[in-house]
Amino acid sequence: MSGRALRWLLSQAAAGVRPQAGARLTIVRHHRVYADGERRLYHLGVSETILARQLEACARARLLPVTVREGCDWLRLGEPGRRIAFSFDDGYADNVTRALPILERFGARATFYLTAGLMETRRAPWWDELAHALENAVVAAAAVTLGGFELALECSTAAGRAVALRTLLPLLRVPPAEQRARLDTLRDALGVTAPPPCEFAQWTAARALVEAGMEAGAHTMTHPFLSLLPPAEQLQELAASATLIRDRLGATVTGVAYPNGDHDAHTIDAARAAGFAYAVSTRAGDCVPGAPRWSLPRRALPEGACTGPGGRFSEHMMVAELNGAFDWLRGNRARAAS
Ligand SMILES: [Zn+2]
């Protein structure tokens with residue numbers, strides 16, 4: 001039985017089970033919002049319809065999504081109850097064109113963590129460059145050595161490209177200079193010369209988010225794995241991104257999302273030094289009073305987390321995900337932060 005089928009079955013049994021009492025903030029972690037039916041090699045998000053169904057389910061549960069900053073402010077009051085905050089990482093243009101109208105239709109707000117440096121320079125992030133290279137390879141197959149691994153990449157079929165992507169992603173979790181070198185090696189081996197398109201929002205478009213009452217947060221300048229950088233470079237990535245967002249959008253920036261959730265003690269020191277009031281990670285869990293302000297947990301809610309048999313939206317699965325019912329299944333215990 002697949003993990004998704006098992007979760008669907010368990011969610012039917014878990015319906016009605018309520019999370020523990022007390023004050024609880026669940027921060028949902030999203031990325032892209034795709035057109036219905038759109039499938040990407042590196043698929044990182046939900047369709048418009050699934051996002052709308054998620055917001056419908058929130059409305060039925062009387063949980064109107066707020067920004068992360070609003071959720072944190074509420075949590076500090078310590079009143080019993082539950083709040084939900086929606087967040088979108090990276091700053092893709094579809095966050096403005098697709099997510100924003102859906103959020104507004106439901107009267108919901110959200111936080112958008114923007115990769116400010118890449119938005120400014122109009123450069124694609126490394127994972128989009130990787131997918132672009134595989135999809136635009138002029139060779140059907142290639143042998144390449146990356147990080148000491150000899151790889152045989154097959155690029156002529158969708159299945160081959162998917163396998164290649166899964167193989168290559170962990171090999172690119174390296175410091176920026178080495179990552180650049182590996183991407184260049186890969187592009188050479190695949191015969192790709194055209195630069196990948198940047199699908200991030202233009203600043204002029206991103207302004208609509210702030211004007212609609214959404215929170216703009218930082219997501220570094222270039223989306224590095226922060227813990228692989230010296231402390232001074234970590235601080236620069238965090239501080240400069242907040243400054244650039246303030247300059248371009250006129251927004252107050254008090255929050256930051258660590259790229260890939262990657263952070264260490266130096267990152268937390270840098271987030272404090274850069275003046276952020278809070279930071280979010282990718283660790284699964286809920287926020288309770290006293291949660292660590294510079295490493296708040298979030299919950300991913302991709303299509304696979306809320307669609308059951310036949311790809312149909314399952315409100316039971318979504319509720320179970322939000323209640324942390326499957327944390328044990330993924331070996332990722334909900335550590336309600338203390
Ligand atoms: Zn990101």
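Reader: In which sense do strand 1 and strand 11 pair?
Author: Strand 11 spans residues 296-300. Strands (E, at least two residues) and helices (H or I, at least four) are DSSP runs, numbered from the N terminus. Two strands pair if DSSP finds at least two bridges between them. Strands 1 and 11 share 2 bridges, and their sense is parallel.

Reader: How far can I trust this model, by mean pLDDT?
Author: This is a predicted model: local features need pLDDT of at least 70, side-chain atom pairs count only at pLDDT 80 or more, and totals for chains, interfaces and linings use all residues. Residues are numbered from 1 along each chain as its sequence is written. pLDDT is the predictor's confidence in each residue, from 0 to 100. In the protein chain 91% of residues reach 70 or more, and the mean is 92.

Reader: Which residue of strand 11 is the bridge partner of Val28?
Author: Strand 1 covers residues 23-30. Val28 has its bridge partner in strand 11, and that partner is Arg299.

Reader: Over how many bridges does strand 1 pair with strand 4?
Author: Strand 4 is residues 81-90. Ala23 stands opposite its residue Gly81. The pairing is parallel, and the bridges number 8.

Terms used:
A residue is buried if 20 or more other C-beta atoms lie within 10 Å of its own, exposed if 12 or fewer, and partly exposed in between; C-beta atoms are placed from the backbone.
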